[in-house]
Amino acid sequence: MSWTAVPVAFVAGLVSFLAPCVLPLVPGYLSAVSAVDADRLGEPGTARRVVASSVPFVLGFTVVFVLLGVGAALVGGRVLANQFLLERIAGFVLVVFGLAFMGLLPWPERLVGAELLQGARSRGSRVLLGGAFAVCAAPCIGPVLAATLVLAGSSDTVAQGALLLAAYSLGLAVPFVLAGAVFSRAMGAFRWLRDHYRAIQFGGGAIMVALGLLLFFERFYLLRVYLNRFLEAVGLGEAF
């Protein structure tokens, strides 16, 4: 799998933050991990506490997602030694998940196993709370997460698979931490994104379908070619 997939995985994490089971519940998550009442988020003096408390929460869901990436890479490497066949299957699955994310195929859009979150919160562990969040939100963010796992499964090495899910987790983590740092302004921007979620959802799904078709027809290298051309045009040279 080309290293070009790393920024794709990062963007997938950003898109997952906008999911119906994540964005509306951000104040609750931040309040739970920082022990700051939701109606006090954004008050002077709370930002540092919320950001510091968000770090172990982010670490918790990152561990879960990276382990999933390692598993996907191991399964992909062992089940199919034929890389071309693996990429065709990955491409087909990406197209299916892209259509699901666009709303053209049925997919659940709610948290499952919410009691797992309550159990982690009662234990007082922010890391466990982050891990529980990853498990409970997985079905809701499933199309995007699964698409990233498909890319990880078609990676050349386990390390690449882990890196893709680390990039995905980083994309999900950045808006969480940003929301904690500048809650009032960040939530205003996030509300705008929420209001335009349907357009973002359709666009994100279309990108997943396009990536799937590139994989299926063995044209994924075109993404790297055009990205390098863009980087050269802005004076950054080749990166991939």
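Begin by selecting Tyr-29, Leu-30, Val-33, Ser-54, Phe-57 and Phe-176, which together line the second largest cavity. A cavity here is a set of points, on a 1 Å grid over the protein atoms alone, where a 1.4 Å probe fits but cannot get out, whereas a pocket is an open set with protein on both sides within 12 Å along at least five of seven lines; lining residues have an atom within 4 Å of a point. The second largest cavity has a volume of about 30 Å³, a volume being the space filled by probe spheres set on the points, with grid points joined across faces, edges and corners. Colour helix H2 (26-34) and helix H3 (47-79), each of which supplies at least two residues of this lining; the largest share, three residues, comes from H2. By class, the lining of the second largest cavity has five nonpolar residues, one polar and no charged, where Ala, Val, Leu, Ile, Met, Phe, Trp, Tyr, Cys and Pro count as nonpolar, Asp, Glu, Lys and Arg as charged, and the others, Gly among them, as polar. Searching the whole structure gives two cavities of 30 Å³ or more.

Before moving on, note that this is a predicted model, in which local features need pLDDT of at least 70 and side-chain atom pairs count only at pLDDT 80 or more, while totals for chains, interfaces and linings use all residues. Residues are numbered from 1 along each chain as its sequence is written, and side-chain values use heavy atoms, with hydrogens and water left out.

Now show the whole chain as a cartoon: the protein has eleven helices and zero strands, the elements being DSSP runs numbered from the N terminus (helices H or I, at least four residues; strands E, at least two). Of its 240 residues, 44% count as buried, meaning under 20% relative accessible area, with exposed meaning over 50% and partly exposed in between (1.4 Å probe, protein chains only).

Next, move to the largest pocket, which holds about 340 Å³ of space. Select Val-8, Val-11, Ala-12, Ile-207 and Leu-211, which are the closest to its centre of the 21 residues that line it.

Selecting Phe-92, Val-96, Leu-104 and Leu-105 along with Phe-202 brings up a nonpolar surface patch of about 450 Å². Such patches are made of residues with over 30% relative accessible area and no salt bridge, like charges being joined within 9 Å and nonpolar side chains (Val, Leu, Ile, Met, Phe, Trp, Tyr) within 5 Å. A salt bridge is a side-chain nitrogen of Lys or Arg within 4 Å of a carboxyl oxygen of Asp or Glu, and accessible areas come from the Shrake-Rupley method with a 1.4 Å probe, only the protein chains shown counting as cover for residues.

Further along helix H10, select Phe-216, which is partly exposed, with a relative accessible area of 29%. The C-alpha atoms of Phe-216 and Glu-87 are separated by 6.2 Å, the two residues being 129 residues apart along the chain. Arg-88, in helix H4, is partly exposed at 37% relative accessibility, and its C-alpha lies 6.1 Å from that of Leu-215, 127 residues apart in sequence.
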